Amino acid sequence: MGESESTVASEHGLRLALFQPDIAPNVGAVIRLGACMAVPVDVIGPCGFAFSLRAVRRQVMDYGDKADVTDHISWEHYRENRSPGRLVAMTTHAAEALWDFEFRPGDTILMGRESAGLPEDVHAAADARLVIPMAPGTRSLNIAIAAGMAIAEAVRQLRAG
């Protein structure tokens, strides 16, 4: 991917947020995604592990210094300090498909906990709730894969606009 393509996400101010993630390797993969796509990542605690870039270094590899990561101690801290723009929750409990949503510059894509998704109060705080349509009989995707799909769709739409 060329430089002009890789900077599209940052030009539109997209962000990724992880709500109380449980699995360090998934967080590392999302941070690497954020570094490669120039998308800042918010990690909203508490996490299911002691969060630090060191804890996820294997997945982040040498992208840690290229990643823009903000650690928030709680949902309340995140809400008080988050970037402006819409909060777009990715959830299996949504009716609107990812492909049918119109992303805007400044959107933050929020991923739920691997073990429990997003609690009701977080759902209620979201400006939009989206689902990735999947084959019958399947429940969910890995959050790093789902985050990659959501960022790719948002970038695709914003580049076309």
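Modeller: Helices (H or I, at least four residues) and strands (E, at least two) are DSSP runs, numbered from the N terminus. This is a predicted model, in which local features need pLDDT of at least 70 and side-chain atom pairs count only at pLDDT 80 or more, while totals for chains, interfaces and linings use all residues. Residues are numbered from 1 along each chain as its sequence is written, and side-chain values use heavy atoms, with hydrogens and water left out.

Colleague: In which helix do Arg 156 and Glu 153 both lie?

Modeller: The side chains of these two residues, Arg 156 and Glu 153, meet in a salt bridge (a side-chain nitrogen of Lys or Arg within 4 Å of a carboxyl oxygen of Asp or Glu), at 2.8 Å from N to O. They are three residues apart, about one turn of the helix, and that helix is α7 (residues 143-160).

Colleague: Is Glu 153 buried or exposed?

Modeller: Buried means under 20% relative accessible area, exposed over 50%, and partly exposed in between (1.4 Å probe, protein chains only). Arg 156, at 48%, counts as partly exposed, whereas Glu 153 has a relative accessibility of 9% and therefore counts as buried.

Colleague: How many residues apart in sequence are the parts that Arg 15 and Asp 42 tie together?

Modeller: The side chains of Arg 15 and Asp 42 form a salt bridge of 2.9 Å, N to O, and both residues are buried. Because Arg 15 lies in strand β1 (residues 15-19) and Asp 42 in strand β2 (residues 41-44), the pair ties together parts whose separation in sequence is 27 residues.
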